[in-house]
Amino acid sequence: MSSTIPTSTSVVESAVIKAPLSHVWHFVKLQDFSKFWTALKSSDYVKGASSETDIVKWTFNDGTVVEVKQEEHSTLNHYITYSVITSEPAVSYTSVVSTIRCYAVTSGEAEGSTYVEWTGNFSSDADAGVIQDGKFKRRDALADLAKAAKKM
């Protein structure tokens, strides 16, 4: 009998940020994540990477270094998709692909705000702890993004 607990391998976190879409979208570039996400010490392009591929190294305050590859980016539809390609220390799962989508709120009480959704789709070998960690990291990052976008 397996001792692992079955769990969903996807995470969806969202927030309404009280700032216009243009202010929020300004930060949603892999190389600029350290400008809003307080868990990151730096976010820099990887030198020598292919000219056809954007790879950015995220150095976290705890010393973890992750390289992320931009898979998709749309300035028209305001979304970015990226995957983790390396991690030091190594992660316990095979892969994760994440997407951040931003939408202008055009009516109602939150008019003029931005709805942001940050998903993560992990490989089937990710356990419940990995999924929970992904959930809380996204929540913290969305709160940081809201603070940064409001200051613009």
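Predicted model: local features only at pLDDT ≥ 70, side-chain atom pairs only at ≥ 80, totals over all residues.
Residues are numbered from 1 along each chain as its sequence is written, and side-chain values use heavy atoms, with hydrogens and water left out. Helices (H or I, at least four residues) and strands (E, at least two) are DSSP runs, numbered from the N terminus.

Helix H2 comprises 24 residues, 128–151. The distance from its first C-alpha to its last is 35 Å, close to the 34 Å expected at 1.5 Å a residue; the expected span is 1.5 Å times one less than the number of residues. At the N-terminal end, H2 is capped by Asp127, a side-chain oxygen of which lies 3.0 Å from the backbone nitrogen of Gly129. The buried residues of H2 include Val130, Ile131, Gly134, Arg138, Leu142, Asp144 and Leu145, where buried denotes under 20% relative accessible area, exposed over 50%, and partly exposed in between (1.4 Å probe, protein chains only). The cover over these buried residues includes strand E1 (10–17), helix H1 (21–25), strand E6 (96–104) and strand E7 (114–122).

Lys137 also belongs to H2. This lysine counts as partly exposed because its relative accessibility is 39%. Its side chain makes a polar contact with the side chain of Asp133 at 2.7 Å. A polar contact is a pair of N or O atoms within 3.5 Å; within protein, one must be able to donate a hydrogen and the other to accept it, and residues adjacent in sequence count only if both atoms are side-chain atoms. Lys137 and Glu13 are 124 residues apart along the chain, yet their C-alpha atoms are separated by 9.7 Å.

Strand E3 (residues 55–60) is largely enclosed by the rest of the structure, because five of its six residues are buried. E3 pairs in the antiparallel sense with strand E2 (residues 40–45) over five bridges, and with strand E4 (residues 65–74), again antiparallel, over five bridges. Strands are taken to pair if DSSP finds at least two bridges between them. Val56 in E3 is the bridge partner of Tyr45, while Lys57 stands opposite Glu67 in E4. The hairpin of E3 and E4 has four residues between the strands, and Gly63 in this hairpin takes a positive phi near 95 degrees.

Thr64 is likewise found in the loop between E3 and E4. With a relative accessible area of 18%, Thr64 is buried. Leaving aside residues up to four places away in sequence, Thr64 touches Trp58, Thr59, Ser87, Glu88 and Pro89, contact being defined by heavy atoms within 4.5 Å.

Aromatic pairs were also examined. Rings of Phe, Tyr and Trp (its six-membered ring) pair if their centres lie within 6.5 Å; planes under 30 degrees apart count as stacked, over 60 as edge-to-face and the rest as tilted. By this rule the count comes to 12 aromatic pairs. One of these is the edge-to-face pair of Phe33 and Tyr82, at 6.3 Å centre to centre and 80 degrees between the planes. Phe33 is buried at 0% relative accessibility, and Tyr82 is buried at 4%. Trp37 and Trp58 form an edge-to-face pair as well, with 5.8 Å between the centres and 85 degrees between the planes. Trp37 lies in the loop between H1 and E2 and Trp58 in strand E3, so this pair ties together parts that are 21 residues apart in sequence. Trp37 is buried, with a relative accessible area of 6%, as is Trp58 at 3%. Ring pairs join Phe27, Phe33, Phe36, Trp37, Trp58, Phe60, Tyr82 and Trp118 into a cluster.

Arg101 lies over the face of Tyr79, at 4.7 Å from the ring centre; a charge sits over a ring if NZ of Lys or CZ of Arg is within 6 Å of the ring centre and within 35 degrees of the ring normal.

Most residues other than glycine have a negative phi, and most peptide bonds are trans. In the loop between E4 and E5, His78 has a positive phi of about 55 degrees although it is not a glycine. The peptide bond from Glu88 to Pro89 is cis, with omega near 5 degrees, and Pro89 is placed in the loop between E5 and E6.
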